[in-house]
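Thanks for coming, everyone. Please look at the screen while I walk you through one structure.

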Amino acid sequence: MSPRLLLKGGRVVDPSQGLDGERDVLLADGVVAEVGARLAPRGAQVLDVSGLVVCPGFIDLHTHLREPGREDKETVATGTRAAAAGGFTAVCAMPNTDPVNDSSATTRALLERARSDAVVRVYPIGAITKGSKGEELAEYGDLRESGCVALSDDGRPVASARVMRRALEYARAFDLTVVDHCEEPTLSERASMNEGPVSTVLGLRGAPGAAEAIVVERNVLLAGLTGGKVHIAHLSTASSVDAVRRGKARGVRVTAEATPHHLLLTDQAVKESGYDTATKMNPPLRCDEDRRAVVEGLRDGTIDCIATDHAPHTVDDKRVEYDQAAFGVVGLETAVALCLDRLVSAGVLDLARLVALLSHRPARVFGLPGGSLATGMPADVTVLDLRRRREVDPARFHSKGRNTPFAGWILEGGPALTIVGGRVVWKDLPGPRR
Amino acid sequence: MSAYPHRHLLGIEPLEPAHIQAILDTADGLREVLDRPIKKVPTLRGKTVVNLFYEPSTRTRSSFEVAQKVLSADSLSIAAAASSVQKGETLLDTVKNLEAMNPDMVVIRHASSGAPHFLARHCRSAIVNAGDGAHEHPTQALLDALTLRQKKGRLKGLRVAIVGDILHSRVARSNVWLLSKMGAEVVLCAPPTLMPPGIEALAPVTYRIEEALEGADAIMMLRIQTERMTGAYFPSTREFHVRFGLTEERVRRARRDVLILHPGPMNRGVEIASEVADGPASVILDQVTNGVLVRMAVLYLLLGGGEAA
């Protein structure tokens, strides 16, 4: 049994209950026991969090832990430590591992590994199709029963509309959300970045925004047709936001996520960095018009949550010619600080909104426990220090991946304390308290 | 400040007009060296240059080699097919190995856009871009400009039509930057499938070759690469020639003293008719001589800069 822990004197921001005010939070037996003013329970360890912000634990719906198969890029141990250091108490692990997580055996093995190595909660995502080949459906019943919380062929978009239709239909039986990386491959063949004036100047092959939006439109239509639940991964274009917005307006069960890099950077970063492969990911950084539309989608509720698409790679996979480099950036250790500095401090989102986008709302998208500090919820808590200033230094990442386009950025605000099941798994409290 | 303040030549885009002017003036100043009975000066004696060619090239590579010999630099040419690249060595490892030889300059031709920038980040030598993917081919644009200036006496105010596969062409990009920086009026012509998105921001675009050629002082033809001919960019080479090819009849829309340039190698009967390629307006062979001169100028400015020639 975990000890009783009292978080004292903090500002509690819990959008799931519309709460924003000074409260104490008592965690006991792995759950939230009480949230109230000036609690004085007997026998609890007390942590002074005055001046800090206490939030429901943050949940990342889109993480690549790389284990099994690519332990040189990341492991459950390193990936979940990166999550904890970044303020996340739970991560959803994408199934594009080797082997692909398309079976209960692989799911169980991952959960077994998580029990021994993970410091935050790991929720497996199962494959939509066997081997993520886009042909035959994986066994959703088994996947659900063994612990999968959603389905995705991430990185290998489901090319066939027929297969996507069947997946959305069949997943209904197990109440699983189908997550799609939306990309029409014939339009994005061999692309390394967004297609537009910047790719023209750089002479790099580009993928037009339409390559994504076409599939977003298709998926919204198919979710409408089947009554299934579709979640659009890392949405990045204005047309995609528009498709989701229209779908929601007519009652289609569609949700969407956006990543910090798509919210904060544009394809100009590829040029300004002189072809730095840390700016290469899929979907690519888009133009500013798209970026602003994604921010607007986040503000108006079209986009349900912020997810990292944490995609660690080895130095060798990235220190090559731009068009040869692997796609992806790490995100777990930068996402929260970036959002606090560039979205909240910048006045784009208020703090409660950001907390909702990282906790309550992602929990709701996949129907996960947590995302709330209501009594009886899991004792998963993220504590933020809004005043801390840190430079993003990849050398200090817990992740094996160093591939970030944000190196050297100085960010105000970040996670100070990460608590999972009532246990402190990461602590970076301001000076005097240490 | 020196006439050419950069350490590398990665592209035309980052250059100021004064830097371009400096390279062209230096090239003109070196012209007499090629007319001497003994075509060799000791300017770059003791300097080492590596020519690293990851793509086949006859013209550009031999032009750099001649320029290096004339200036007495020690040079070494590595063709990808003959090096460890075939054994799967990464660009970084190749560069680190080359660097152990401590060259003063690396001239690189590579199919990946940005490869010269990668080298500039990872090694100490001066880097010269000899063509990277569809990004830039700065010395080609410089030799084209030198040719135009030699024949027309100026660049400012010239009307230049660039015709052909703009989408995949690094030559087109470098020329658009250079000519517009130097005050020439550029018009681009290609079928819409071979026009890169957003290029209109850099130069006006037309899909009608007749319109592009109207009143042109110079026509730059771009090669249609064989692999594109079957890549669904256009229905057939026959239709391409009929609609977008440079024929004698079309040349008549340009000024009487029009110059015709082609970076080579040409596809006769596709983008250019033989009568035009071999006709009196063609300066395709002058381009070759001027190619040696601009490369000498670039070598000199990057390696010998500041000292007297």
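Let's start inside helix 6 of chain B. Its buried residues are R170(B), V171(B), A172(B), R173(B), S174(B), N175(B), V176(B), W177(B), L178(B) and L179(B). One caution before I go on: this is a predicted model.

How many residues of helix 6 of chain B are buried? The count is 10 of the 12, so the rest of the structure largely encloses this helix. Helix 6 of chain B covers residues 170–181. From first C-alpha to last, the helix reaches 17 Å. That is close to the 16 Å expected at 1.5 Å a residue.

What covers those buried residues? The cover includes two helices of chain B, helix 1 and helix 5 (138–152). It also includes strand 4, strand 5 (159–163), strand 6 (185–189) and strand 8 (218–221) of chain B. Just after helix 6 of chain B comes G183(B), with a positive phi of about 85°.

Next, the sheet in chain B. Here 5 strands form an open sheet, in the order 7-6-5-8-9, with parallel pairing. Which strands stand at the edges? They are strand 7 (205–206) and strand 9 (259–261) of chain B. Each has a single partner strand, so one side of each is left without a neighbour in the sheet. Strand 6 and strand 7 of chain B run parallel and are joined by 2 bridges. Find C189(B) on your screen: its bridge partner in strand 7 of chain B is T206(B).

Now the domains of chain B. The assignment gives domain 1 (17–136 + 289–303) and domain 2 (138–284). Their C-alpha centres lie 26 Å apart. To the contact between them, domain 1 of chain B brings 20 residues and domain 2 of chain B brings 18. On the domain 1 side, the elements giving two or more residues are helix 1 (17–35), strand 4 (126–132) and helix 12 of chain B. Helix 12 of chain B gives the most to that side, with 6 residues. By class, that side of domain 1 has 10 nonpolar, 6 polar and 4 charged residues.

On to the core. In soluble globular proteins, nonpolar side chains tend to be buried together. The largest nonpolar core here has 237 residues. Which residues have the most contacts inside it? They are L151(A), V163(B), I219(B) and M296(B). Helix 12 (residues 284–304) of chain B gives the most to this core, with 11 residues. Domain 1 and domain 2 of chain B each supply at least three residues to this core. Take M296(B) as a case. Beyond its neighbours within four places in sequence, M296(B) is in contact with A27(B), L30(B), A67(B), V70(B) and L71(B).

Over to chain A, and strand 8 (residues 121–126). Here 6 of its 6 residues are buried. Both faces are covered: R121(A), Y123(A) and I125(A) on one side, V122(A), P124(A) and G126(A) on the other. Strand 7 (residues 88–93) of chain A runs parallel to strand 8 of chain A, joined by 4 bridges. There, C92(A) has Y123(A) as its bridge partner. Strand 9 (residues 150–152) of chain A also runs parallel to strand 8 of chain A, with 2 bridges between them. In that pair, I125(A) stands opposite A150(A).

Last, where the chains meet. In this contact, 15 residues of chain A touch 20 residues of chain B. The chain A side has 6 nonpolar, 5 polar and 4 charged residues.

Terms used
Residues are numbered from 1 along each chain as its sequence is written. Chains are lettered from A and ligands numbered from 1 in the order in which they are written. This is a predicted model: local features need pLDDT of at least 70, side-chain atom pairs count only at pLDDT 80 or more; totals for chains, interfaces and linings use all residues. A nonpolar core is a set of buried Ala, Val, Leu, Ile, Met, Phe, Trp, Tyr and Cys residues joined through C-beta atoms within 7 Å. A residue is buried if 20 or more other C-beta atoms lie within 10 Å of its own, exposed if 12 or fewer, and partly exposed in between; C-beta atoms are placed from the backbone. Domain bounds come from an automatic or database domain assignment. Two residues are in contact if their C-beta atoms, placed from the backbone, lie within 7 Å. Ala, Val, Leu, Ile, Met, Phe, Trp, Tyr, Cys and Pro count as nonpolar, Asp, Glu, Lys and Arg as charged, and the others, Gly among them, as polar. The expected span of a helix is 1.5 Å times one less than its number of residues. Two strands pair if DSSP finds at least two bridges between them.
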